Amino acid sequence: MIKYLHTMVRVSNLDESLDFYCNKLGLVEVKRTEHEQGRFTLIFLAAPGDLNKIEISHGPMLELTYNWDTQTYLEGRYFGHLAYCVDNIYETCQRLKDTGVVINRPPRDGYMAFIRSPDNISIEFLQKGERLPKQEPWASAPNIGHW
């Protein structure tokens with residue numbers, strides 16, 4: 001038997017990352033550990049809809065790893081992306097855009113969109129249930145950068 005527990009991503013600025021993942025995306029911090037000897041902090045986040053699963057199965061979660069010493073992490077496109085299901089893809093993208101988040105791949109199809117974290121981790125949003133009817137300004141919005 002195998003079950004998904006979490007995905008770990010390294011972050012270079014803990015405050016900026018927590019602002020992005022918690023304040024902008026709406027994830028909730030469920031656990032934090034400081035490792036003095038190893039000089040790193042681990043913070044586990046969960047989507048509000050998954051909080052009841054955390055106590056039972058210890059997942060699914062996103063683990064942010066912050067190394068205290070200055071390090072440069074190059075963008076790793078081999079990583080792929082994180083994916084979250086959302087109730088309304090247009091409202092989610094508009095809310096994020098209003099906070100200054102770039103929508104790299106707009107939800108032109110009413111179903112899928114991509115953004116990137118401050119550390120260039122690609123994040124996919126998928127519309128819960130059926131795709132929504134095409135809607136402007138999203139239907140004609142261009143891609144920005146890459147995801």
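Start by colouring the chain by confidence: helix α2 (residues 51–57) has the lowest value, with a mean of 81, and β6 has the highest, at 97. The score is pLDDT, the predictor's confidence in each residue, from 0 to 100. Over the chain the mean pLDDT is 88, and 93% of the residues reach 70 or more. Helices (H or I, at least four residues) and strands (E, at least two) are DSSP runs, numbered from the N terminus.

This is a predicted model, in which local features need pLDDT of at least 70 and side-chain atom pairs count only at pLDDT 80 or more, while totals for chains, interfaces and linings use all residues. Residues are numbered from 1 along each chain as its sequence is written, and side-chain values use heavy atoms, with hydrogens and water left out.

**Stop 1: the sheet**

Select β1, β2, β3 and β4. You will see an open sheet of four strands in the order β1-β4-β3-β2, with mixed pairing. Two strands pair if DSSP finds at least two bridges between them. Which strands stand at the edges? They are β1 (6–11) and β2 (28–35); each has a single partner strand, so one side of each is left without a neighbour in the sheet. On average, neighbouring strands here are turned by 20° against each other, direction ignored.

Now zoom in on β3 (residues 40–46) and β4 (residues 61–67), which pair in the antiparallel sense over six bridges. Click I43: its bridge partner in β4 is L64. Next, bring up helix α1 (residues 14–24), which packs on the sheet and touches β1, β2, β3 and β4; its direction makes about 5° with that of β3. Contact means heavy atoms within 4.5 Å, and axes are lines fitted to C-alpha atoms, for helices over the stretch in contact, with angles from 0 to 180 degrees between N-to-C directions.

β2 and β3 form a hairpin with four residues between them, and R39 in the turn has a positive phi of about 60°.

**Stop 2: an aromatic pair**

Show the side chains of F20 and Y21. The structure holds one aromatic pair. The ring centres of F20 and Y21 are 5.1 Å apart and their planes are at 85°, so the pair is edge-to-face. Rings of Phe, Tyr and Trp (its six-membered ring) pair if their centres lie within 6.5 Å; planes under 30 degrees apart count as stacked, over 60 as edge-to-face and the rest as tilted. F20 and Y21 are both buried, where buried means under 20% relative accessible area, exposed over 50%, and partly exposed in between (1.4 Å probe, protein chains only).

**Stop 3: two loop residues**

Pick S117 in the loop between β7 (112–116) and β8 (122–127). Is S117 buried or exposed? At 6% relative accessibility, S117 counts as buried. Leaving aside neighbours within four places in sequence, S117 is in contact with F20, Y21 and I123.

Then jump to V101, found in the loop between α3 (89–98) and β6 (103–105). V101 is buried too, with a relative accessible area of 8%. Not counting residues up to four places away in sequence, V101 touches F20, K24, L96 and I115.

**Stop 4: the cores**

Finally, select Y21, L25, L64 and I115. Of the 27 residues in the largest nonpolar core, these four touch the most other members. A nonpolar core is a set of buried Ala, Val, Leu, Ile, Met, Phe, Trp, Tyr and Cys residues joined through side-chain atoms within 4.5 Å. A second, separate core of five residues includes L42, F44, A46 and I54.
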